[in-house]
Structure formats: C-alpha cells, structure tokens
Amino acid sequence: MAININQQTLSNWMQTYPLLQKIMQTEEVFWKNLSLCQAETVLPFLSISTKEIEEAANRLTRFASFIKTVFPETKSTNGIIESELKPIPAMHQYINQTTTNAILGKLLLKCDHDLPIAGSIKARGGIYEVLKFAEQLAIEHNLLTLEDDYAALAEQRFKDLFSRYSIAVGSTGNLGLSIGIISAKLGFNVTVHMSADAKQWKKDLLRSKGVRVVEYESDYGKAVEEGRKQAAENPMCHFIDDEHSTDLFLGYAVAAERLKAQLDQMQITVDEKNPLFVYLPCGVGGGPGGITFGLKAIYGDHVHCFFVEPTHSPCMLAGLMTGLHDQLSVHDIGLDNRTEADGLAVGRPSSLVSNIMDSLLNGIVTVEDRQLFFFVKHLIDREHLFLEPSAAAGFAGPTKLFNSQEGKEYLADYNLQSKMKNSTHIIWATGGRMVPKEEMAVYYQKGVNLNSQ
Ligand SMILES: *Cc1c(COP(=O)(O)O)cnc(C)c1O
C-alpha cells in the first residue's frame with residue numbers, strides 16, 4: 001500500500017501545489033479544497049448515506065436509559081451525551097485585539113471538551129460503536145429487543161454475555177479512554193493499544209478501570225496495526241478500526257442535528273445570506289469528518305467546514321492535496337509527525353474519511369504547537385474554560401480565514417465578504433475535561449512562557 005516518493009515526484013508536486021513547500025517547512029498554511037463539489041450533488045453518491053445518521057441517532061436514543069443508569073453525570077440530559085454551544089465574547093474580543101483583521105460575526109464554542117463519560121469528542125463515535133456492537137450481541141442472544149428499556153443492559157446477565165467477548169482499539173489516548181470506559185462498564189474484556197504519544201495519566205486512568213493497556217514506542221499507525229493484527233487472531237474480538245470504521249463516523253455525524261437544534265434554540269439562522277463556518281481539529285479524520293458529513297447533509301453549501309491540523313502532522317492535508325489519501329504519510333514529505341497535540345499526532349488519514357472529504361471539505365488550516373498553548377492559556381484567563389492543546393486547534397481556523405492571503409482569497413472566491421458580518425463561527429473544542437489539574441497547570445505555564453520568549 002505504501003508508495004515510493006522520490007525526489008522527482010516531490011519536485012513535480014512543488015510545481016503543481018504551490019503550498020507544498022510551506023507545508024514541508026512546517027509553516028502554517030490555509031488550504032482551499034479545489035475538489036469541493038456542491039453538497040447536494042455529491043451526498044447521494046458517497047459510500048455512506050445520510051439515512052444512516054438517522055439510524056445512529058435512534059440507536060443512541062434507545063441507549064439513553066442505560067447511559068443514564070450507569071453514568072449518573074448524564075442525568076441532566078436524560079442519558080444523551082451532549083455538550084453546550086456557547087458564546088465566548090471575552091476570547092473573541094481578545095483575538096480581535098491581537099490580530100490585524102477581526103473575526104466578523106458571532107464566535108461560538110462547541111464544548112465537546114466537556115462531554116460526559118470520556119471528556120472528549122470521542123464520547124460520540126467511540127461510545128456509539130461499542131453500544132452498537134453490544135446491542136447486536138444482545139439481540140443475537142435473545143436477551144434484548146429494540147422495544148425493551150435498555151436500562152436492563154446494566155444487569156448481570158448482560159455482563160455475563162459481554163464478558164465472553166473482547167474489544168480492542170489503537171489510540172493516541174482519547175479514543176482509548178472512551179472505548180475503554182464504556183467497554184469496561186458493559187463488561188467486555190478490553191485492550192487499548194497506545195502509541196508513544198499517549199499521556200501517562202490516560203494509561204493510568206484506564207488501568208484503574210480494569211482496561212488492559214499495551215504500550216508502543218512508535219506512533220499511532222503502528223499501535224493500530226498491532227492492535228488490528230492481535231484482534232484478528234481472536235474470533236471473539238471486535239476491533240474498533242479508527243482508520244476505516246463507518247460506525248465511528250456515524251456516531252460523530254449525529255452531532256450535526258444536535259448542533260442544529262442548539263442553533264435554532266439560539267435563533268441563529270444559517271442560509272445563503274448567513275453563512276456558518278465550523279473549525280474542527282483533525283487527527284485521523286473520523287470525528288471532524290463525521291461532523292462535516294452531518295452538517296453538509298443539513299445545511300448544504302451554506303456551511304463551510306475547515307479542519308485544523310498541526311504543522312508537523314498535516315496528514316489529511318497531504319492526502320487530499322495530492323489525491324493520494326491514506327497512501328501518503330507525512331513522513332513521505334519529510335515531516336516528523338511530532339506534536340504536543342497528542343490527539344492529532346497522526347501520520348496518515350483514514351481512507352474512508354479522506355475519500356468522503358475530498359468533495360465535501362472546504363479547506364484545511366495548519367497550526368504550530370506554540371499557538372495551541374497560547375489558546376489554552378487565554379481560554380483559561382478569559383473564559384475559565386479548560387481545553388487540552390489538541391482541542392484548542394480550532395482557534396487557528398477563523399484567525400487564518402480573516403488574516404491569511406489565502407483565507408481572504410477564499411472569502412472573495414465565494415463572494416462572502418459582504419456576508420461576513422452576518423456569519424457564525426463555531427470552534428469545535430474537542431477534549432480536556434479529564435485532564436488532571438497538574439497537567440493543565442503545565443499547559444498553562446507553557447502558554448505563559450510564550451510571552452517571555
Ligand atoms: C481524536 C481527537 C481529535 C480528532 O479526531 P479524529 O477522529 O482523530 O480526526 C481532535 N481532538 C482531540 C482532543 C481528539 O482526541
């Protein structure tokens with residue numbers, strides 16, 4: 001599957017893709033997707049249908065009574081795992097003061113950093129896939145019907161069934177947390193294969209919940225590969241495949257209709273005259289890809305979705321720009337895939353997601369690690385919000401849209417300039433709730449130190 005990139009290929013690419021040189025020098029960029037198509041035209045032809053999002057949403061509703069029973073922190077939302085959408089006026093004002101061009105329109109934060117159970121965006125896709133697997137097993141063994149009250153799944157007879165099965169996953173940290181916590185709660189044997197980027201506290205937390213953690217000295221791709229191989233040897237093992245999984249993707253996609261309900265509630269219109277911009281941190285692509293897919297199904301071309309990746313790990317950007325998708329790794333273009341944004345330290349995008357994003361994604365922005373600490377610090381100071389560095393990547397989105405040459409060209413190309421005063425910008429915060437206080441203090445201090453450099 002790996003391809004051979006020689007010097008000739010690289011110099012040809014440099015001619016074809018003017019941004020590539022900057023990307024290879026780990027400079028921040030704003031990339032506009034030239035393959036973008038009208039959402040309405042392409043959606044019916046993609047490998048996943050928008051109807052499947054509805055099924056996923058219904059499945060999560062069926063599970064709500066179980067979730068509420070075993071995770072009391074979801075009582076207030078009746079067992080629906082959801083986060084707030086809220087204005088961040090002090091941060092908005094601060095960004096406007098420190099950049100040349102202000103972010104026009106409204107600036108909102110989607111608080112997935114605060115999602116219950118797993119404390120990150122992975123509480124959407126990861127938990128969904130495990131629930132779906134559990135439902136399927138319970139139905140096959142005649143312990144459950146679709147009409148039952150799923151609170152029953154907390155009973156011992158279900159644990160007895162699930163304990164005969166295993167679940168495995170490869171992760172840089174947060175996916176492992178979400179899969180580990182929900183699987184252990186249901187009674188599965190669960191193994192998490194952790195890449196070298198994974199933080200110690202995440203491994204410790206999982207072990208304290210009875211999860212088997214296998215550590216690797218290499219990056220995410222290797223952890224997934226090993227996990228997949230070991231799982232394949234065991235017919236009773238379900239491997240959660242972040243690089244190919246439709247279920248993960250659909251679990252994330254459900255976020256879109258929930259977001260629409262929140263925007264409606266806030267009386268925020270999205271249409272031709274009132275464009276919506278959404279900025280999503282991207283690792284392998286499942287989370288941001290699923291959400292983009294869901295949003296395009298609802299808002300069509302009135303929503304502009306941008307991924308944000310670290311300058312050292314722009315895997316989706318490299319894959320989409322060259323059209324090579326998962327065949328290209330960031331190492332092939334001379335990058336090291338080393339970033340403090342552990343949730344985004346991925347060298348190769350999901351093939352499933354990059355193929356779908358090829359025609360749906362509006363663009364990608366890259367961000368330096370030091371910027372992430374800047375955002376983390378100022379969110380604490382100004383909004384009292386606690387995000388992990390990966391989770392703050394979205395802030396680079398609107399900053400670059402309004403301030404980079406390419407961003408300004410984007411607005412001009414789509415005739416958006418006059419509409420920007422009516423625009424809404426949603427930054428998707430993707431993780432942070434579970435970060436221990438001492439760790440957060442270290443992130444904060446890194447943000448403070450930036451000022452004195
Ligand atoms: C996993 C993760 C993402 C990105 O999701 P992918 O599905 O890997 O693209 C973003 N932010 C955080 C904090 C994450 O843990």
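How are helix 6 and helix 11 oriented to each other? The two are oblique to each other, a class that takes in every angle left over when those under 35 degrees count as roughly parallel, those over 145 as roughly antiparallel and those from 65 to 115 as roughly perpendicular. The model is predicted, so local features need pLDDT of at least 70 and side-chain atom pairs count only at pLDDT 80 or more, while totals for chains, interfaces and linings use all residues. Residues are numbered from 1 along each chain as its sequence is written, and side-chain values use heavy atoms, with hydrogens and water left out.

Helix 6 covers residues 122–140 and helix 11 covers residues 246–253; their axes come within 7 Å and cross at roughly 125 degrees. Helices here are DSSP runs (H or I, at least four residues), numbered from the N terminus. An axis is a line fitted to C-alpha atoms, for helices over the stretch in contact, and the angle between N-to-C directions runs from 0 to 180 degrees. The crossing of helix 6 and helix 11 is right-handed, meaning that the near helix is turned clockwise from the far one by less than a right angle. On the helix 6 side, the contact (heavy atoms within 4.5 Å) involves Lys122, Arg124, Gly125, Gly126, Tyr128, Glu129 and Lys132, which meet Asp247, Leu248, Leu250, Gly251 and Tyr252 in helix 11. By class, this contact of helix 6 with helix 11 has four nonpolar, three polar and five charged residues. In that scheme Ala, Val, Leu, Ile, Met, Phe, Trp, Tyr, Cys and Pro are nonpolar, Asp, Glu, Lys and Arg are charged, and the others, Gly among them, are polar.

Next come the domains. The assignment, automatic or from a database, gives domain 1 (7–118 + 253–451) and domain 2 (122–246). Their centres, taken over C-alpha atoms, are separated by 25 Å. In the contact, 42 residues of domain 1 face 33 residues of domain 2. Between them the domains bury about 3300 Å², with 64% of it on carbon and sulfur atoms; buried area is the accessible area (1.4 Å probe) that two parts lose on being put together, summed over both. Phe63, Phe66 and Asp342 supply 19% of the area that domain 1 buries against domain 2, more than any other three residues.

Two further helix pairs can be set beside the opening one. Helix 8 (residues 174–186) and helix 9 (residues 200–208) have axes that come within 10 Å and cross at roughly 10 degrees, and these helices are therefore roughly parallel to each other. Asn174, Gly176, Leu177, Gly180 and Ile181 in helix 8 meet Trp201, Lys202, Leu205 and Leu206 in helix 9.

For helix 17 (residues 396–403) and helix 18 (residues 405–413), the axes come within 5 Å and cross at roughly 75 degrees. That angle makes helix 17 roughly perpendicular to helix 18.
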